[in-house]
Amino acid sequence: VEMSKCQSVMSSSALRALIRKKSHGIENTSGLAAGYQQANVVILHKSLADDFEAFCHANPSPLPLLYRSQPGEWGCPPLAADADIRVDCPQYCVFKDGLLVSRVSSLMSYSGQLQDMVSFYLGCSFSFERTLRKAGVPVRNVEQNCNVSMFRTSLQCRGVGQFQCPMVVTMRPVPEEKLDLVVQITHLTPLAHGGPIHIGDPAVLGIQDLSRPEYGDPVALGPGDVPAFWACGATGVEAVQSCKPPLAFTHSPGCMFVTDRQDSSVFASTSTPEPDQCPLTFSISQQPLHFSVASKAVVQSIRDLEKIIGEDPGERGIRALFVQDELLRSCLSLSHSSSVLITTGFPTHYTHNPPEETDGPPGAIAIAATLQALQKEVAIVTDHRALEMNQRIMEDAVKKGVIKTAVPLLSYQGNSPDSALYFLCHNGDHKKPRFDHLVAIERSGRASDGNYYNMRGVNIKHLVDPIDDLFTTASTIPGISTTGIGDGGNELGMGKVKEAVREHMPNGSLIACDVAADFAITAGVSNWGGYGMACALYILSLCPIHQRYLHKGLGQPHPPTQDQHQAWAASLPSVAKEEEMLSILVQHGVRSGKTGTLGMEVDGLTFHPTHSDLIRNMALVLPG
């Protein structure tokens, strides 16, 4: 233990000198020569060097290139003085035809072959461990006096030439309350792999058992710890195995080359980052455990949107139902989704045909349009009795340019006990969900007595299909999240705030929806919640921090192309689109449920200024 403490405060050159002696039993370099950058090492024949360098540039998170040597060059002048890569790592792996044939403490016996080989030095996450500890973050592998855990994932790197391999990640247990601090420190160190590429359930990365790492040692999680995963330079080992060169060398995972460069995270941790360079973490799922990341600037923009949509034009006291960051967390979850099911429809005009109101469909269309632009699969489920009408509305919305492509329309009647499971999952298999997020916007929700009520307390159950069952079933299926958007508390999903509805809303004890969503978004008018969601998704699409995390650090980060940006912007709600959508609804006999707040009178269309002001205020929040 005393020797380990001495090694942790050694200079980099002193530690390299000690490693060269091969007599002190240094098994890995985690926690040693604290404050100096460490490097992974890959040594290949010169004929493969250009392709491997291109492979590194294509995958900068796992393979941040610090230096490429000349053929036969033992040193690395930009990184360290008097270095000799043949002896300066505690242990090396020797590969022949892609197979690991031996582990050796020195490459001196291969000096002849090394004359035609090129050494690559790649950044290492050991570099930021000291800064984490100084910031009060426990580094469990150092505490447990073992190597970090390294896992082969199911994520495929961007291939170049013969280099085609999965990404390797390190896992570090992090106390949940320290996540923001850890992400902020490591984000500013891209040459040490940058911030984590995933926080939460290891199965998302194809990792089945944290006690069985492919490289390194198992590291135990402490109470309250969350597994956080960083891209790892051991990906270079996988690259060598995939390429199958006649002869190649790498460091043995965890046995790094220690450079003379100061760890850049030391400087990063002492400065205050700009809001667009300051990541924040948010829990978006407990089953499976999943956190997401966005910049502080983007978080503030979405909070501004949440405030805008929360205005209460009807003065019904909806602020009592407000839960901060529900819009943000819902949109982070939607950003990670691939297939989304939307439902809407509130038959409040129960004596008319059709009984639907204008609040809900415009917001649903706005959400669907943005999800389509972001390349998500989208479908809408509605009452069977209203299916034909909604199909005609969708056709008109496409013709009028409100949405680019028609969204598939479905109905659900719930004819058997397992209907919801089979509707949500292929062949009723909860491991194969068709959708990973359900969104209800201004959809009548089931009350505690099993009935459905409008705000006046009139039971409209005979007009409503049991789409609530999809939400209650989704709550039992890992990997499906749910959102409810409402403006009164009787909407599907608002069961999350039912106690507040019962206490603060008119007729609340009767009308309160009993079915909870994971996220409950309160808006002055539910359509506004849909517009806010579309705008928030757009903002997230332009956040480099979120996009890197969303794509698991794979590939070279690029800003969206002009065509992408234009497509995303064109999908956003606008005053003109809402006017067009409301006009379409009126043509199909749909009436307003909130006269004076939706700008719709029973006998015609009058666009209310509240809407145009709100949409313009949203536009002021959007980037560009």
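How many bridges pair strand β7 with strand β10, and in which sense? I'll start there. This is a predicted model, so please take what follows as a description of that model. Strand β7, residues 166–175, and strand β10, residues 225–231, are joined by 7 bridges in the antiparallel sense. One place to look is valine 169, which has alanine 231 of β10 opposite.

Those two strands belong to an open sheet of 7 strands with antiparallel pairing. Reading across, the order is β9-β6-β7-β10-β8-β14-β13. At the edges are β9, residues 215–216, and β13, residues 279–286, each pairing on one side only. Helix α10, residues 296–309, packs on this sheet and touches β13 and β14, the latter being residues 289–295. The direction of α10 makes about 95° with that of β14.

A search of the whole structure gives 10 aromatic pairs.

Phe52, Phe55, Phe120 and Phe163 make up one aromatic cluster. Arginine 319 sits over the face of phenylalanine 322, at 4.4 Å from the ring centre.

Now the other sheet on my list. It is open, has 6 strands, and its pairing is parallel, in the order β17-β16-β15-β18-β19-β20. Its edge strands are β17, residues 409–411, and β20, residues 519–522. On average, neighbouring strands here are turned by 25° against each other, with direction ignored.

Which helix packs on this sheet and touches β15, β18, β19 and β20? That is α11, residues 326–336, whose direction makes about 130° with that of β20. Helix α18, residues 526–541, lies across β18, β19 and β20, and runs at about 135° to β19.

Last, the β19 and β20 pairing. Strand β19, residues 481–486, runs parallel to β20, and 4 bridges join them. Within that pairing, glycine 484 has alanine 520 in β20 as its bridge partner.

Technical notes: Residues are numbered from 1 along each chain as its sequence is written. This is a predicted model: local features need pLDDT of at least 70, side-chain atom pairs count only at pLDDT 80 or more; totals for chains, interfaces and linings use all residues. Side-chain values use heavy atoms; hydrogens and water are left out. Two strands pair if DSSP finds at least two bridges between them. Axes are lines fitted to C-alpha atoms, for helices over the stretch in contact, and angles run from 0 to 180 degrees between N-to-C directions. Contact means heavy atoms within 4.5 Å. Rings of Phe, Tyr and Trp (its six-membered ring) pair if their centres lie within 6.5 Å; planes under 30 degrees apart count as stacked, over 60 as edge-to-face and the rest as tilted. A charge sits over a ring if NZ of Lys or CZ of Arg is within 6 Å of the ring centre and within 35 degrees of the ring normal.
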